[in-house]
Amino acid sequence: MRYRDLMRLANGYAGSKVLLVANELGLFTAIGQGGKCADSLATACGASREGMDLLLQALAGLGLVRLKAGRYWNTTFGLNYLDGRSPTAVTNLLWLLNHHWSDWTGMARAIRRGRPVGHRSRRPRRSGDGLPWRCTSVVMCWRRSRSTGSGCRVELGACWM
């Protein structure tokens, strides 16, 4: 890994949150196939003009929208995957990821405590394989080897008990 890779990783949340907020506001769907000005997009998405300007500039910087003659346009990628009217849209997944954002913001506290934030029981739950499970959310979980008490690893995905 190089230093710039480290910085890209450390700041990755910013681009992600820009994308997730634009999706939550329905911005890519509001743009659709025609170019739209920031004023009309702010009205369509229920946002302030100033806030919409900042969001659109960030999206243009990420290459998710194009600015041409004062109007914002979806890229081909945006039309295919970010416009809610597209049959290949991933807008529902992006909505879900945005709503799990708070699960990740509590991660350090959960790891320090050794149990999910808000979880009161100290008794671990058991999975079908006999290993104790502790879940921080349905998004992130880890398990500890019963024999060694170590071997902790993070697993991304659903953790259902």
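**Figure 1. Overall view of the predicted model of the protein chain.** Residues 24 or more positions apart account for 40% of those contacts in the protein chain that have a separation of 6 or more. The protein chain contains nine helices and six strands. Of its 161 residues, 29% count as buried. The accessible surface amounts to about 10,400 Å², and carbon and sulfur atoms contribute 57% of this area.

**Figure 2. Close-up of the largest pocket and the residues that line it.** The volume of this pocket is about 260 Å³. Twelve residues form the lining, and those nearest the centre of the pocket are Ser16, Leu20, Leu97, Trp101 and Trp104. Sorted by class, the lining comprises nine nonpolar and three polar residues, with no charged residues.

**Figure 3. Close-up of the helices that contribute to the lining of the largest pocket.** At least two lining residues come from each of helix H2 (12-24), helix H7 (91-99) and helix H8 (101-105). H2 gives the most, supplying five residues.

Figure 4. Strand E1 (residues 65-68) pairs with E2 in the antiparallel sense, over four bridges. Across the pair, arginine 66 stands opposite tryptophan 73 in E2.

Conventions: Residues numbered from 1 in each chain as written. Predicted model: local features only at pLDDT ≥ 70, side-chain atom pairs only at ≥ 80, totals over all residues. Heavy atoms only, no water. 1 Å grid on protein atoms, 1.4 Å probe; cavity = no way out; pocket = protein on both sides within 12 Å on 5 of 7 lines; lining within 4 Å. Points joined across faces, edges and corners; volume = space filled by probe spheres on them. Nonpolar A, V, L, I, M, F, W, Y, C, P; charged D, E, K, R; others polar. Buried < 20%, exposed > 50% of the residue type's maximum accessible area, 1.4 Å probe, protein only. Contact = heavy atoms within 4.5 Å. Areas by Shrake-Rupley, 256 points an atom, 1.4 Å probe, with all protein chains shown as cover. Pairing = 2+ DSSP bridges.
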